[in-house]
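Notebook open, structure loaded. I'll jot down what I look up as I go.

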Amino acid sequence: MVLFEAVLSGILVGGMYGLIALGLNLQYGIARMMNLAYGEALMGGAFTAFWFFTLWRIDPLASMLFSVPVAFVGNWLIYRYLLTPLVRRAANQDVLEADTILVTFGLLFVFQGVALVQWGGEYRGYTYLAVPLNVLGATVALNRVLAFAAAVALALALYWLLRSTRLGGAMRAIAIDPVAAQLVAIDVPRLSALAFATGGAIMAVAGTLVSMFLSFNASIGIVYTLKALIVVIMGGVGRMLGCLMAGLLLGVAEALGAYLVDPGLTLAINFALFLLVLLVRPQGLFSRG
Amino acid sequence: MVENTWFRCSIAAAAVAFLAAVPLMVSAYTVSLLVSMLAYISLATAWAFFSGRTRYISLATAAFVGIGTYTVALLSDHLPLPMVLVIAPVVGFVVALGVGLATLRLSGVYFVIFTFGLAELIKQVVIWFEINQTKTLARYIFVNASGALIYELLLATAVVVLAGVWWLSRTPLGYALRVIGEDEMVARHAGIDTTRVKVLIFAATSAVMSLVGAILSLRYTYVDPNIGFNSLVSFQVLIMALLGGIGRLWGPAMGAIPLVLLFELLSGTFPHYFSIAVGLCFVVIVYYLPGGVMGLMDRWRARLRA
């Protein structure tokens, strides 16, 4: 029974991992930018929810009306004014990749540093919907279930958007070949910026959801960036459903590892999975070919 | 040409002799500042020799420095110091060999991410091991090493590293590394076993990092996993090398000296703004100093000649 509870809590967290991996897939798969400051939007969303709730008693879900547009515009500005100039300058793809990694590392430190100066380094959290809920005999908190449901609903909506709309089709075309996409009259720079900004906005949503049931601090962003990257690599770059599945898999693996081996080794489990995938199936677990 | 080389070598020898005598002339605080500088010169030079040339950005510096620190913490009670200082780089070399064989066949981004997590991963494993197996979290280092001894050891390391890079750049291995950095496909077609070259140089430069970590640990009396595996070290070394210019022998050293001073000043006066300053350094260097200080000097020299 305890084992079932561990698996269940892993699935609930895994939905969140799937969602953040989808956002990173928009940034890395479509806009083709490796953004290592990706997790900072999650940190920002979490702190917004925390302050709105503790200072003004505003519902965390309502705080997204503020944090999500801010994250969207912020990421759009970063893409447009910090990263696009690097594309124009770069001699080849390797140079561009190295430059974007370095610049986004810089952004990561700046955001994290500002948060540290403003809010200090201690872990924060608040109590919201901490109502026990019976799921098939196991007890879980309502906030976890709500976060899981919201994450999966958003992820599926995004999947439908990319799969079945004209806009989504154009974005998938860019993911496959940005040069050829231009030949069929797709506005690649504009849609790439849109995908990048949407990825950041998703992270703000994830931050709000995470803050409901996990504690967080100013330097938490990079942890989620790392998890998102691992899930994207497991699921396959550009593969949306694959990322959702891989997110669930990572969540369950972490929960089982924490239960069976030691809770202090979750990162070790993350990296073991990562390395295993890289060695056995570098193209991702859920991609064809 | 030959005379020129002899001339340069004797100047270098005189400079090293002078630097070796410095601890006799300055205060203990200055020596400790110089110790940091020498350590970072070695780290940045070693980092740039692999990552600068191959464009595989490694963030594992902290992991290898930590391996050196922990080798001393574990062994210094049981073995004489010189032996411990030999074992530390060997451990670093072996770990790097494993990491390199597993990850260096892959593309750049994966390598960055993996090395980035490596320090954190080793830290978690050490914490887990200490808590569950040895029931301690911190260790004491009882080695009687004066600041001057640490300084001389690091000076010797820096000289060996710089001379090693200078010499290796002139061997077939050094050229192979440069070709890999220019175009890995071309290198493979030219008959270079690219994986072997990359893994070998990665392991050798990582061994240097472990040695530096081992020598630096003699400064501490107390070490825990958070001190030993401080991932900020990886980033500091990375920007030092970038600031100086990664393709040149003296580049990383030129970046290490001013940044050690800046970081010392910052951590003393505005510790809370440290991370913001590090971040801004990254952004400024990438946008305004793409070739580092050495690249800037080359451009100025070209302009003066024109």
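Which hand does the crossing of α2(B) and α6(B) have? I looked, and the crossing is left-handed; the term applies if the near helix is turned anticlockwise from the far one by less than a right angle, and right-handed is the word if clockwise.

Ground rules before going on. This is a predicted model, where local features need pLDDT of at least 70, side-chain atom pairs count only at pLDDT 80 or more, and totals for chains, interfaces and linings use all residues. Residues are numbered from 1 along each chain as its sequence is written, while chains are lettered from A and ligands numbered from 1 in the order in which they are written.

**Confidence**

I checked the scores next. The predictor gives an ipTM of 0.81 and a pTM of 0.86 for the complex. Chain B has an average pLDDT of 86, and 98% of its residues score at least 70 (pLDDT is the predictor's confidence in each residue, from 0 to 100).

**α2 and α6 of chain B**

Back to the helix pair. Helix α2 of chain B spans residues 28–54 and helix α6 of chain B spans 147–168; their axes come within 9 Å and cross at roughly 25°. Helices here are DSSP runs (H or I, at least four residues; strands are E, at least two), numbered from the N terminus. Axes are lines fitted to C-alpha atoms, for helices over the stretch in contact, and angles run from 0 to 180 degrees between N-to-C directions. The angle makes α2(B) roughly parallel to α6(B) (under 35 degrees is roughly parallel, over 145 roughly antiparallel, 65 to 115 roughly perpendicular, and the rest oblique). I listed the contact residues, among them B:Val31, B:Leu38 and B:Phe49 of α2(B), and B:Tyr151, B:Leu155 and B:Val165 of α6(B). Contact is when C-beta atoms, placed from the backbone, lie within 7 Å.

**α5 and α6 of chain A**

In chain A, helix α5 (residues 142–164) packs on helix α6 (residues 166–176) at about 80°, with the axes 5 Å apart. α5(A) and α6(A) are therefore roughly perpendicular. A:Leu161, A:Leu162, A:Arg163 and A:Ser164 in α5(A) meet A:Gly168, A:Met171 and A:Arg172 in α6(A). That contact has three nonpolar, two polar and two charged residues.

**Between the chains**

I found 27 residues of chain B in contact with 32 residues of chain A. On the chain B side, α5 (108–134) and α13 (274–288) each supply at least two residues. α5(B) gives the most, with 12 residues. The side of chain B that touches chain A has 19 nonpolar, six polar and two charged residues.

Most residues other than glycine have a negative phi. A:Arg32 has a positive phi, near 55°, and sits in the loop between α1 (2–30) and α2 (39–56) of chain A. A:Arg32 is buried, with 20 other C-beta atoms within 10 Å (buried takes 20 or more, exposed 12 or fewer, partly exposed is in between, with C-beta atoms placed from the backbone). Phi of B:Arg55 is near 65°, in the loop between α2 and α3 (61–75) of chain B. B:Arg55 has 17 C-beta neighbours inside 10 Å, so I put it down as partly exposed.

Terms used. Two residues are in contact if their C-beta atoms, placed from the backbone, lie within 7 Å. Ala, Val, Leu, Ile, Met, Phe, Trp, Tyr, Cys and Pro count as nonpolar, Asp, Glu, Lys and Arg as charged, and the others, Gly among them, as polar.
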